[in-house]
Structures are given as structure tokens and as C-alpha cells.
Amino acid sequence: MAEGISEGIRREVFEGALRALLTETFDKVEGIYLDRGTSLFETLADISAEEASKPMREGGPTVAGHVEHMRFYLATARDYMQGIWYEKLDWKESWKVTSVTPAQWRDLQVRLREVYEEVLRVMAGFSDWNDERKVGGAIGLIAHTAYHLGAIRGRRG
């Protein structure tokens with residue numbers, strides 16, 4: 001092992017960094033990698049149901065579709081981190097939402113927040129992180145959500 005590289009990361013350091021990245025990605029920008037006011041939930045709060053229902057490019061997905069896909073992914077990542085593995089997932093089904101009414105748009109955002117909060121509770125219950133599924137799931141959900149957040153934020157060109 002190279003000089004100066006430790007054998008492991010202290011749990012509190014990893015959990016603190018993970019919590020900060022999750023907060024920035026989903027809830028409130030703290031200046032780690034996003035600009036102020038551009039977290040996922042801050043971004044979605046400024047989008048109407050009508051706008052969420054418009055394809056972002058010709059023949060492409062809508063913002064509502066991205067949100068439902070992220071909700072599906074978060075639920076899958078939550079299960080994966082707990083050791084639940086599905087033989088087959090219908091990823092195309094996760095894109096089934098294309099247009100929403102104002103009530104459906106609010107509900108979709110609430111359901112996304114609920115599964116996000118479930119993921120946080122699951123991760124808070126881990127006694128250790130010495131498991132590839134836990135670490136990979138947590139890092140994957142940050143990267144995956146950041147990708148879709150970028151797509152949503154870039155919809156206006």
C-alpha cells in the first residue's frame with residue numbers, strides 16, 4: 001500500500017461526506033458541487049405540472065418521466081443496499097409516466113421524497129459500511145440522481 005494511504009475510512013467521515021452529498025443533491029445546496037437553489041427538490045418546486053408534462057426534446061422523456069424513473073431507481077437502490085436483489089426489473093416501466101395533472105405532479109414529488117427519506121432511514125440503520133452493495137448503492141444513487149437532475153435543469157437549453 002502506498003505511503004500515507006490508510007487501510008480504511010472512518011465510519012463517521014464516510015457517513016458525514018455521504019450525508020452532505022445526499023443533502024446537496026436532493027434538498028439544499030451547501031456548495032459542494034451544485035449552484036445555490038439547484039438541488040433536486042428545489043428545482044422541481046419551480047416546475048409546473050404543465051411544464052413537467054412537456055417532452056424535453058422531440059420524442060424524449062418529460063420531467064415527470066425523469067421523476068418517476070428516479071423514484072423507481074431510489075426504491076431499487078434501497079432494496080439493493082439491504083441485500084434484496086431482483087432477477088429482472090422492468091426499467092422501461094419506470095418511464096411510464098409522461099404527463100401529469102397538478103395533483104398528480106404534487107403526488108409524484110411527494111412519493112419521490114418519501115422513498116428518498118426511506119433510503120436515508122435505511123442507511124442510518126447500517127451498523128457498518130463494509131459491504132459493496134451498501135457503498136455502491138449509496139454512491140450510485142447520488143450519481144444517478146445528479147445525472148437526471150442535470151437533464152432536468154438542462155431542459156431549457
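# Notebook: contacts, rings and a pocket

I began with Val122 and found that, beyond its neighbours within four places in sequence, Val122 is in contact with Arg78 and Gln82; contact means heavy atoms within 4.5 Å. I note that this is a predicted model, where local features need pLDDT of at least 70, side-chain atom pairs count only at pLDDT 80 or more, and totals for chains, interfaces and linings use all residues. Residues are numbered from 1 along each chain as its sequence is written, and side-chain values use heavy atoms, with hydrogens and water left out.

**Val122, continued.** I placed Val122 in helix 5. Helices (H or I, at least four residues) and strands (E, at least two) are DSSP runs, numbered from the N terminus. Val122 has 17% relative accessibility and so counts as buried; buried means under 20% relative accessible area, exposed over 50%, and partly exposed in between (1.4 Å probe, protein chains only). I also looked up Val122 against His144: they are 22 residues apart along the chain, and their C-alpha atoms are separated by 18 Å.

**Whole chain.** I counted 6 helices and 0 strands in the protein chain. The C-alpha atoms fill a box of roughly 55 × 40 × 25 Å along the principal axes. The chain has 157 residues, and 42% of them count as buried. Of the contacts with a separation of 6 or more, 68% are between residues 24 or more positions apart.

**Helix 1.** I found 16 residues in helix 1, with 22 Å from its first C-alpha to its last, close to the 22 Å expected at 1.5 Å a residue. The expected span is 1.5 Å times one less than the number of residues. The buried residues of helix 1 are Phe14, Glu15, Leu18, Leu22, Glu24, Thr25 and Phe26. These buried residues pack against helix 2 (40-45), helix 4 (63-81), helix 5 and helix 6 (132-153).

**Aromatic rings.** My search of the whole structure gave 8 aromatic pairs. Rings of Phe, Tyr and Trp (its six-membered ring) pair if their centres lie within 6.5 Å; planes under 30 degrees apart count as stacked, over 60 as edge-to-face and the rest as tilted. Phe26 and Tyr116 are stacked, at 4.1 Å centre to centre with 20 degrees between the planes. Phe26 is in helix 1 (residues 11-26) and Tyr116 in helix 5 (residues 102-124), so this pair ties together parts 90 residues apart in sequence. Phe26 and Tyr116 are both buried. The ring centres of Phe126 and Trp129 are 5.0 Å apart and their planes are at 85 degrees, so I logged the pair as edge-to-face.

**Charges over rings.** I list a charge as over a ring if NZ of Lys or CZ of Arg is within 6 Å of the ring centre and within 35 degrees of the ring normal. The charged end of Lys134 sits over the ring of Phe126, 4.5 Å from its centre. Arg113 lies over the face of Phe41, at 3.9 Å from the ring centre.

I looked up the largest pocket, and its volume is about 200 Å³. Its lining includes Glu15, Leu18, Tyr116, Met123 and Trp129. Helix 1 and helix 5 are the elements that give two or more residues to this lining. The largest share, 5 residues, comes from helix 1. On a 1 Å grid over the protein atoms alone, a pocket is an open set of points where a 1.4 Å probe fits, with protein on both sides within 12 Å along at least five of seven lines; lining residues have an atom within 4 Å of a point. The volume is the space filled by probe spheres set on the points.
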